[in-house]
Amino acid sequence: MKDRTVWVADSFEGLPVPSLPQDKGYDFSATKIPILSISLEEVQENFRRYNLLDDQVRFLKGWFCDTLPKAPIGQLAVLRLDGDLYESTMDGLNALYSKVSPGGFVIVDDYGDFAPCRNAVNEFRQLHGINEPIEKIDWTGVFWRKLS
Ligand SMILES: C[S@@+](CC[C@H](N)C(=O)[O-])C[C@H]1O[C@@H](n2cnc3c(N)ncnc32)[C@H](O)[C@@H]1O
């Protein structure tokens, strides 16, 4: 498939220190959980090892609130969110949900496992009148298909 771009957005230095009351008690930043802090170079090397590192993969390094709103992304077929926090999930949805094409999919890895993530998704869906059913993938992941 040569007509798709995979956008990979991450700080590549771990989760932010929580700044919102909705994320209180969920400090998974690099000083607390260093295993979630993986460098851009290491991620690129993993893509390369699977022969998947080429011009079709574009990396957005930085905090979602800074990178996502100005990213030159047109349409998205799949929006996959895995940022754990309320803030990170909301930043992703606010910047990118409107770019998901009708028929496209939204996947949220942490919906079952992390209340802050779940709260962000539920709030966003309510605010925007999103009624497409949430389908369970496993004990934590969910998805829905955007109809319009
Ligand atoms: C649980 S890890 C998942 C990483 C990757 N999706 C995987 O499955 O291996 C969460 C990732 O989200 C990134 N992250 C969370 N909140 C972020 C934010 N607000 N801005 C940028 N990156 C963020 C962290 O750096 C971390 O790499």
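Biologist: What is the volume of the largest pocket?
Modeller: About 1,200 Å³. Keep in mind that this is a predicted model.

Biologist: Thanks! How many residues line the largest pocket, and which lie nearest its centre?
Modeller: The lining has 44 residues, and those nearest the centre are Trp-7, Val-8, Ala-9, Arg-80 and Asp-82.

Biologist: And how do the lining residues divide into nonpolar, polar and charged?
Modeller: There are 23 nonpolar, 11 polar and 10 charged residues in that lining.

Biologist: Nice. Now the ligand: how many residues surround it, and which are the closest?
Modeller: 13 residues surround the ligand, with Asp-10, Ser-11, Phe-64, Asp-82 and Ser-88 the closest. Ser-88 is also one of the buried residues of H3, and Asp-82 is among those nearest the centre of the largest pocket.

Biologist: What does the side chain of Asp-82 have to do with the ligand?
Modeller: An N or O atom in the Asp-82 side chain is 2.8 Å from a nitrogen atom of the ligand.

Biologist: And where do backbone atoms come in?
Modeller: At Ser-11, a backbone N or O atom lies 3.0 Å from a ligand nitrogen. At Gly-14, a polar backbone atom is 3.0 Å from an oxygen atom of the ligand.

Biologist: Changing topic: which residue has a positive phi near 60°?
Modeller: That's Asn-51, a residue other than glycine. Asn-51 sits in the loop between helix H1 (40-49) and strand S2 (57-61).

Biologist: Is Asn-51 buried or exposed?
Modeller: Exposed, with a relative accessible area of 69%.

Biologist: What about phi of Asp-84?
Modeller: Phi of Asp-84 is near 70°, again positive in a residue other than glycine. Asp-84 is in the loop between S3 and H3.

Biologist: Buried or exposed, that Asp-84?
Modeller: Asp-84 is buried, with a relative accessible area of 10%, whereas Asn-51 is exposed.

Notes: Residues numbered from 1 in each chain as written. Predicted model: local features only at pLDDT ≥ 70, side-chain atom pairs only at ≥ 80, totals over all residues. Heavy atoms only, no water. 1 Å grid on protein atoms, 1.4 Å probe; cavity = no way out; pocket = protein on both sides within 12 Å on 5 of 7 lines; lining within 4 Å. Points joined across faces, edges and corners; volume = space filled by probe spheres on them. Nonpolar A, V, L, I, M, F, W, Y, C, P; charged D, E, K, R; others polar. Buried < 20%, exposed > 50% of the residue type's maximum accessible area, 1.4 Å probe, protein only. Helix = DSSP H or I, 4+ residues; strand = E, 2+ residues; numbered from the N terminus. Near = heavy atom within 4 Å. Polar contact = N/O pair within 3.5 Å; in protein donor to acceptor, adjacent residues only side chain to side chain.
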